[in-house]
Amino acid sequence: MTIYFYKVWQPYGCFSNFSPHGIHIQSTYWPTVEHYYQAQKFVGSIDAAIIPLIHAAATPEEAAALGRCSTRQLRRDWDLVKTEIMREAVLKKFITHSDIREVLLKTGDEILVENSPTDSFWGCGANRAGLNHLGKTLMSVREEIRNLLSLTGIYE
Ligand SMILES: Nc1nc(O)c(N)c(N[C@@H]2O[C@H](COP(=O)(O)O)[C@@H](O)[C@H]2O)n1
C-alpha cells in the first residue's frame with residue numbers, strides 16, 4: 001500500500017517538512033526542516049541577507065514564502081545541492097525525534113509519496129506522476145536509520 005502524505009494535519013503529517021520538529025545543524029537550531037531548506041537556497045548568494053529572516057519566520061509557510069520570492073537570487077549551485085541538503089535535514093529530523101522515527105520505521109517497506117498537487121519535483125504533482133523526491137528521501141532515510149539501528153542501537 002502506498003502511503004500518501006502532504007499537510008501536517010493530515011495522516012502521516014509528520015513526514016511533511018512543515019511539521020513542527022526542529023533540527024540542529026552546524027550549531028544552529030531551525031524550527032522546521034522547511035525553515036532550514038528555504039534558507040539554504042541563499043547561502044553564498046547576493047541575497048544571503050534573507051537567511052536570518054527565514055530563520056526567524058514565525059511559521060514554515062512564512063519561511064517558504066520568503067524562500068520562494070522570485071526577485072531574490074538563489075545560490076548558483078542550488079539545483080545540484082538541494083536534494084543532498086534536504087536529505088541531511090530530513091535524516092537529522094528523524095534521528096532527533098524518536099516519536100516520529102517510530103512512525104517512519106513502522107511504515108516498513110511501503111512506498112511514501114508527498115501528495116503535493118503543485119510540486120512534481122519534491123512531490124508527485126497533480127497527476128501523481130511526479131518525481132517524488134521527498135518521498136524517496138524519506139524512504140532512503142528510513143533505510144539508513146534501520147541500518148544504523150541494526151548495527152549499533154545508538155538511537156535506542
Ligand atoms: N506549499 C506547500 N505546502 C506544504 O504543506 C508542503 N509540504 C509543501 N511542500 C514542500 O515545499 C518545499 C519545496 O519548496 P520549493 O518549491 O523548493 O520552494 C519542500 O519542502 C516540499 O516538501 N508545499
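The axes of helix α5 (residues 98–105) and helix α6 (residues 133–151) come within 10 Å of each other and cross at roughly 105°, where axes are lines fitted to C-alpha atoms, for helices over the stretch in contact, and angles run from 0 to 180 degrees between N-to-C directions. That angle makes α5 roughly perpendicular to α6, since 65 to 115 degrees counts as roughly perpendicular, under 35 as roughly parallel, over 145 as roughly antiparallel and the rest as oblique. On the α5 side the contact is made by Arg 101, Leu 104 and Leu 105, and on the α6 side by Leu 138, Arg 142, Ile 145 and Arg 146, two residues being in contact if their C-beta atoms, placed from the backbone, lie within 7 Å.

This is a predicted model, in which local features need pLDDT of at least 70 and side-chain atom pairs count only at pLDDT 80 or more, while totals for chains, interfaces and linings use all residues. Residues are numbered from 1 along each chain as its sequence is written. Helices (H or I, at least four residues) are DSSP runs, numbered from the N terminus.

The contact joins Val 33, Tyr 36, Tyr 37 and Gln 40 of α1 to Ile 85, Met 86, Ala 89, Val 90 and Lys 93 of α4.

| Group | Residues by class |
|---|---|
| Contact of α5 with α6 | 4 nonpolar, no polar, 3 charged residues |
| Contact of α1 with α4 | 7 nonpolar, 1 polar, 1 charged residues |
| Shell around the ligand | 6 nonpolar, 4 polar, 5 charged residues |

Phe 94 lies in helix α4 (residues 78–96) and counts as buried because it has 25 C-beta neighbours inside 10 Å, the cut-offs being 20 or more for buried, 12 or fewer for exposed and partly exposed in between. Leaving aside residues up to four places away in sequence, Phe 94 touches Ile 100, Arg 101, Leu 104, Val 141 and Ile 145. The C-alpha atoms of Phe 94 and Phe 15, which are 79 residues apart along the chain, are separated by 9.3 Å.

Of the 15 residues around the ligand, Ser 16, Asn 17, Phe 18, Trp 122 and Leu 134 come nearest, a residue being near if its C-beta atom, placed from the backbone, lies within 6 Å. The elements giving two or more residues to this shell are α1 (33–40) and α3 (60–67).

Definitions and conventions
Nonpolar A, V, L, I, M, F, W, Y, C, P; charged D, E, K, R; others polar.
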